[in-house]
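Hello,

Please find the structure below. My notes on it follow.

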Amino acid sequence: MAQAVQACTMDAWVGVGLSLDRDKRLQLVSSDGAPVARASRRARILIVEDDELLMRALRRSISQVHDVTSAVDGQAALELIEAGARFDVVFCDIMMPRLDGIELYEAVRDRFPELSSRFVMMSGAIHTERAQEFLKREKPAFVEKPFYVEILDLLINERLRVVP
């Protein structure tokens, strides 16, 4: 059995971690060591991230399996959504210029409520009281940076179960 190398810290995914397979690739595993399957269909993913290097890494990883669109901040993402683009999963940084992740989430929740359950918020640190209150109040899926990109498979699978 493969040894887990990092446990996922999100309450919703307790007991899920990462292990090395025979080819020394990271894979998601459940608490009993069984591999967690990837999504069964191509999803439409929006990545909202102002860090260009991280955005490119996420895009490169996710686009192998899913259709990916990216936006450099919340304003650009909101413009895509207002123009009619729809997504199965939205990975959204919290701290960004112009329109931050909290403002984007709240605008989407108010105007396109069916999309709000598809958000996965991301942040390197939740130092502001505003961000802490937002996460406590809204309870969106959340992943703290840095993270293994393999965790995104789990998050995508979870969001796809929410999407009708």
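Among contacts in the chain (heavy atoms within 4.5 Å) between residues at least 6 apart in sequence, 58% join residues at least 24 apart. This is a predicted model, in which local features need pLDDT of at least 70 and side-chain atom pairs count only at pLDDT 80 or more, while totals for chains, interfaces and linings use all residues. Residues are numbered from 1 along each chain as its sequence is written, and side-chain values use heavy atoms, with hydrogens and water left out.

The chain has six helices and eight strands; these are DSSP runs, helices being H or I with at least four residues and strands E with at least two, numbered from the N terminus. Their order along the sequence is β-β-β-β-α-β-α-β-α-α-β-α-β-α. Of the 164 residues, 46% are buried, meaning under 20% relative accessible area with a 1.4 Å probe, protein chains only.

In the UniProt record, an unreviewed entry, Asp93 carries the feature "modified residue: 4-aspartylphosphate"; such annotations may be inferred rather than shown by experiment, and feature names are shortened. Asp93 lies in strand S6 (residues 89-93). Is Asp93 buried or exposed? Its relative accessible area is 4%, so Asp93 is buried. Leaving aside residues up to four places away in sequence, Asp93 touches several residues, among them Asp50, Ser123 and Lys145.

The contact of helix H3 (residues 101-111) with helix H5 (residues 129-138) has an angle of about 35°, and the axes are 11 Å apart. Axes are lines fitted to C-alpha atoms over the stretch in contact, and angles run from 0 to 180 degrees between N-to-C directions.

Regards

Conventions
Buried < 20%, exposed > 50% of the residue type's maximum accessible area, 1.4 Å probe, protein only.
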